[in-house]
Amino acid sequence: MLEEILKKYPQHEDSLIEILLEYQNKKTKRFITEEEIAQISNYLGVTESKVCSVVSFYTFFSTEPRGKHIIQICKDVPCYVNGSGNVLKTLEQLLNIRIGETTKDEKFTLEYTSCLGNCDGAPAMRIDGKTFTNLNPNKVKAIISEYRGVN
Amino acid sequence: MVNIKINNTDVTVEEGTTILDAAKTKNIKIPTLCYYPDLDIKSDCRICTVEIAGEKGLVTACSTPVREGMEIKTNSPRVLNARKTITELMLANHDANCTACEKNMNCELQTLANTLGIDENRFESVLEMQELDTANTSITRNPNRCIKCGRCVDVCKNVQGINVLESMNRSHEMVISPKYGKYLSDEDCTFCGQCSSVCPVASITEKDETDIVWNALDDDKKHVIVQVAPAVRVSLGEEMGQKPGSIVTEKMVAALKQLGFDRVFDTDFTADLTIIEEGNELIERIKTGGKLPMMTSCCPGWISLVEQKYPDLIDNISSCKSPQQMFGALAKTYYAKKQNIDPKDLFVVSIMPCTAKKYEAAREEMSVDGKNQDVDAVLTTRELGKMVRQMGINFDQLDKVEFDDPFGITSGAGAIFGATGGVMEAALRTVSEVVNEKPLEKLDFETVRGLEGIKEAEVDLGGQKVKVAVAHSLSKAKTLADQVKDGTSPYAFIEVMTCPGGCIGGGGQPYNTTNAVREERIRATYQVDSDMKIRKSHENPVINKLYDDYLKKPLSDLSHDLLHTHYRKRNA
Amino acid sequence: MEQKIVSKRFDAINPLSIDDYLESGGYKSLKEALKRDRINIIEEIEAARLRGRGGAAFPAHVKMMGIAKEEETTRYIICNADEGEPGNFKDRQLMEKDPHQFIEGMVITAFAIRATKGYIYIRGEYDKAYSILEWTLEEARKKGYLGKNILDSGFDFDIELRSGAGSYVCGEEFALIESIEGKPGRTRVKPPFPTQKGLFDKPTLINNVETFANIPHILEMGGDEFAKIGTESSTGTKLVSLSGNVNNPGVYEVPFGVPIKEVVEKLGGGSKDGRKIKMVQLGGACGPIIPEYMLDLTIDFDRFEDFDSKTGAGAIIVMDERFDVFDVLLRVAEFFEHESCGKCTPCREGNLQLVKLVEKFINRKATQKDLINIESLARVMHQTSLCGLGQTAPTAILSTLKYFRDDYLDLIEHPEL
């Protein structure tokens, strides 16, 4: 799969972030391995160190396996003053993990994110490529149920 | 021209001059830390901030060009407080155990803290101790001392083109390390030590072998001999407080004697030997259609690069050992036999401008008896300086002493090995005379001298025009190696030195090596050569005697056994 | 109080329909601009005295003039759609509700400065806006507003969409450029500036989404007319992102010069559940926190400059009496500590130390010395950091040291609860 994605991009240094984004989003465990980093660096003609420095810099990328769904909960001020604490508590209880951890069935990883730019719908969270706003414990429960129901 | 005021003094400089350089013209030293001459301006330590009248913020002197009418204060209370604060921030994330640090009293951070008059740290320590990298024989990396100035990344990535060291992560988690936090020896590191040369603190240093050498010197049963590289005699003076380019050969020998070495020999001798072997190897390859271009093999950093990244070029490399290793091999056979010493009691030390030589001496191939290494310990120029100071020797007052026989008679060709282009020139002096069967009119091959990254020359060899090239720094070496790989190389013979300037710019040389310093050391190197009576390796009488007595002839079976080696593909 | 210029089409058109955009007057300015003298367009923007809407409030025409003077013919234009400043969501709405508008502005500007290629750098978290823009750019190309020989003018120009990957600092111009170049988002040494040596070392113009969105309107009404709106120092309107403890959070477009209080009460419906407003943060996490009694401050770039911060992005975050100053400061400090790129010492080390000092106050372990130290550190970071992130990170703390000093002193003097 990586090879097919690579072929779509010019063999130039500045394709790196787009390649990483596209590839990581397609992988179930949402992470990049050392071998894959070597393959990408080979294709682009840059050092592996360079690819590693990019992977380690941006929040989206991970070299450790994560859950199928990445739940990002905003912890900045507008969400904080609108009850993001309750949303986090609800999530931690529902999933039986603390922030930063992955569920045992590897379905969900719970992470903090910086402001999602949806403060008019605070508190907000983002799951994979979708942002959910105006959250409360009930809404959160409903959303997680849906993700759990989907195979 | 631009007119400004610095600390109320009028200064006139050319347009485009930075505040830092403008201040230097009036002998005003603005403190810096990440700044390093000849490297990219990083402006990330923020120590060199200065105040400009009428501007709210402070600016960094290293990166800000002067503007007409600027009034600059380099040490106002606001500036001093800013510098102190920044230094304290650095110290709060630094393993500041100065009295137990190898760069105690020779550390840029320590000097800065002292100059600024820091007497307390207002910030709590946030240092999280990490593991040291002591896994290789040449370089030690201590991440707990790193102040993230970025000089090592710049040198490794931009000057050497290797990029083993890189900035990983962001924010406070940012570290400078090989990928995945691996050891240098697991990566493409060639142990060139350029990183250790520019590190302002003791985060990257050479592996210390002074204790090993002290113990050997103290051991009555051991006959301890030392060989000294050509680059050391034009650089050791700087360790002793002299200006760059001071030639201190005889005092250096005297100091080594005082340290307790039984014999003090000159690596220039085996440099001459290398020329005979390698010159004949080149002639043979040209005559018999052997693998060309032939590339030099005396630089272990270059050999590492080839074995790891260009294994297809292994057959192009000369099979000759380096002068250091030829010396070790001869010492443990020829010398030991002549002196009636059991090789097991012989301890061979070399003083090198180089950190990779420590790795080279430890390579498994570098042992003629297969049990003990031919060179037992390698000290950098810096380590030698340390030992001289430990012994309390007053270097300047020493009487001049000559190298010992038999490995003390050398030629100017051997002496120039230390400069980029030196091996090439030394080889051409011999090869062209041997092939053309007539003496050279001019011994100096100026086109291969100097700091230009890649240099070329054309010589007449037996009626054939032959092109040769010289590269220094690994990024330039890679350019030539890529050409050879692609089959587009027009050269017959290529000299490669890993370090900018050649060995005189080596990773083990005195600190503060800049291009200006390199030029001085190079000038001194060619001075040593032109002052010598014998200037060609094949005219060295002791070399000729060595062949007559022992080796028989160049490339003989015995020569191959002792003086040649082989390489293999290595995965980092 | 509201004056809808760039938000006129919000919720009034189908953002995915280029026909809707055209019918409401879209791309008319571009058609006219392509017939004009290039310098003339820049002069119009100069007459409008348009200042950047991304936070730095730099006069737009100065950057454009600067780049127009460069000799290098390969030039880039970048729309900074990274909107990572907490509390801001106006660019998101511009992109989701009226995407052609700022693109038209980009094309006009590109024509004026002879840019050869454009990029939109949009933060990775704006998934919906990214999809809308992919669609929008394709629609614009189909109808000839992008691509080769735009509207038969001989001007070739196209825009590439690039996504961020979770890094606030990539909203800073050089960090953004580094990111497009496929590198970590660490800023560069200035000078040279982006208009001299930017993307791929070529002259580059970077502007915010809202800045570009204003361009078609400036050309339509004329720069002088535009300059009549707002105040002397800040012309035109501002999209204000109102959030926090208010009844009606959202994006409101007001002319500069309107007091914050009016926006909060009249447009925002006042504090939720009738609670008292305790404090308001202006601009974003990088902005000052002011007490309720200062809310008659007018929305104006120069007023914000009085706080030593370039906080013109326009966020207003309202916080009521339930919240403690230090809990808010901690979140702000943790935000910057997480987002710092790590390159320069004052920001990399300083932000962590600020977090530790704020924690000390929260845990009632702070002393008078800590008060002096936090203020001193904040000032040094503000004055010596390499880029805007480190320079503005301490703004919230510095403002509370001025306006909420008693809260600090109270914690020092009463270490036990």
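Modeller: Start with chain B: the centres of its domain 2 and domain 3, taken over C-alpha atoms, are separated by 27 Å. Residues are numbered from 1 along each chain as its sequence is written, while chains are lettered from A and ligands numbered from 1 in the order in which they are written. The model is predicted, so to speak of a local feature we need pLDDT of at least 70, side-chain atom pairs count only at pLDDT 80 or more, and totals for chains, interfaces and linings use all residues.

Colleague: What are the domains of chain B?

Modeller: Domain 1 is 2-90, domain 2 is 139-207 and domain 3 is 211-563. The bounds come from an automatic or database domain assignment.

Colleague: How many residues of domain 2 of chain B are in contact with domain 3 of chain B?

Modeller: 15 residues of domain 2 of chain B are in contact with 24 residues of domain 3 of chain B. Contact means that the C-beta atoms of two residues, placed from the backbone, lie within 7 Å. Helix α5 (residues 194-198) of chain B gives the largest share of that side of domain 2, three residues. By class, this side of domain 2 has five nonpolar, seven polar and three charged residues. Ala, Val, Leu, Ile, Met, Phe, Trp, Tyr, Cys and Pro count as nonpolar; Asp, Glu, Lys and Arg count as charged; the others, Gly among them, count as polar.

Colleague: How does the radius of gyration of chain B compare with that of a compact globule?

Modeller: They agree: chain B has 25 Å, and a compact globule of 572 residues would be near 25 Å. The radius is taken over C-alpha atoms, and the globule rule is 2.2 Å times the number of residues to the power 0.38. The C-alpha trace of chain B spans about 80 × 55 × 50 Å along its principal axes. Chain B holds 19 helices and 17 strands. Both are DSSP runs numbered from the N terminus: helices are H or I with at least four residues, strands are E with at least two.

Colleague: What makes β3 and β4 of chain C edge strands?

Modeller: First, the sheet: four strands in the order β3-β2-β1-β4 of chain C form an open, parallel sheet. Two strands pair if DSSP finds at least two bridges between them. β3 (159-163) and β4 (204-208) of chain C each have a single partner strand, so one side of each is left without a neighbour in the sheet. Neighbouring strands here are turned by 20° against each other on average, direction ignored.

Colleague: How do you know that β2 and β3 of chain C pair?

Modeller: Strand β2 (residues 117-122) of chain C and β3(C) share five bridges in the parallel sense. Pairing asks for at least two, so they qualify. In one of the pairs, Y119(C) has E160(C) of β3(C) as its bridge partner. Helix α6 (residues 99-113) of chain C packs on the sheet, touching β1 (76-81), β2, β3 and β4 of chain C. The direction of α6(C) makes about 155° with that of β1(C). Axes are lines fitted to C-alpha atoms, for helices over the stretch in contact, and angles run from 0 to 180 degrees between N-to-C directions.

Colleague: Where does chain C touch chain A?

Modeller: 40 residues of chain C are in contact with 31 residues of chain A. α8 (173-180), β5 (237-244), β9 (315-320) and α13 (325-339) of chain C each give two or more residues. α13(C) gives the most, six. By class, this side of chain C has 15 nonpolar, 17 polar and eight charged residues.

Colleague: What do β5(C) and β6(C) form?

Modeller: They form a hairpin with five residues between them. β5(C) and strand β6 (residues 250-255) of chain C pair in the antiparallel sense over six bridges. L239(C) has E253(C) as its bridge partner.

Colleague: What confidence does the predictor give?

Modeller: The complex has an ipTM of 0.96 and a pTM of 0.96. For chain C the mean pLDDT is 95, and 98% of its residues reach 70 or more. pLDDT is the predictor's confidence in each residue, from 0 to 100.
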